[in-house]
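Subject: A structure for you to look at

Hello,

I am handing over a structure that you have not seen before. Please open it below, and then read on for what turned up.

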Amino acid sequence: MKLYNIYWHEGCGNRDHVATTNNLNKWLVDHNELRVSEGNEPEDLDDFEIEEVDAYIYEEMSDE
């Protein structure tokens, strides 16, 4: 599974982590639904910096 970190640049060189997702398009739909409900314009994936994440996800082992 691929994971992606999504960052927003404020214009002054600051970069804020917005989300981590495995589905960029689904995240964008959910993100824009919230933005529009708050009276803002929808955004495009091109508005963000997106980086693929090296993730190491392990199943928790139960103590036996």
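Predicted model: local features only at pLDDT ≥ 70, side-chain atom pairs only at ≥ 80, totals over all residues.

Residues are numbered from 1 along each chain as its sequence is written, and side-chain values use heavy atoms, with hydrogens and water left out.

Helix α1 covers residues 24–37 (helices are DSSP runs of H or I, at least four residues; strands are runs of E, at least two; both are numbered from the N terminus). Asn23 caps its N-terminal end, with a side-chain oxygen 3.2 Å from the backbone nitrogen of Asn25.

Leu24, Trp27, Leu28, His31 and Asn32 of α1 are buried (under 20% relative accessible area; exposed is over 50%, partly exposed in between, with a 1.4 Å probe and protein chains only). They sit on the same side of α1, because they cover an arc of only 125° around the axis (taken from the directions from the helix axis to the C-beta atoms). The face turned away from that side carries exposed Glu33 and Ser37.

The buried residues of α1 pack against β1 (3–9), β2 (15–21) and β3 (49–53) (contact means heavy atoms within 4.5 Å). Tyr4 touches several residues, including Ala19, Leu24 and Ile50, leaving aside residues up to four places away in sequence.

Best wishes

Technical notes:
Expected span 1.5 Å × (residues − 1). Polar contact = N/O pair within 3.5 Å; in protein donor to acceptor, adjacent residues only side chain to side chain.
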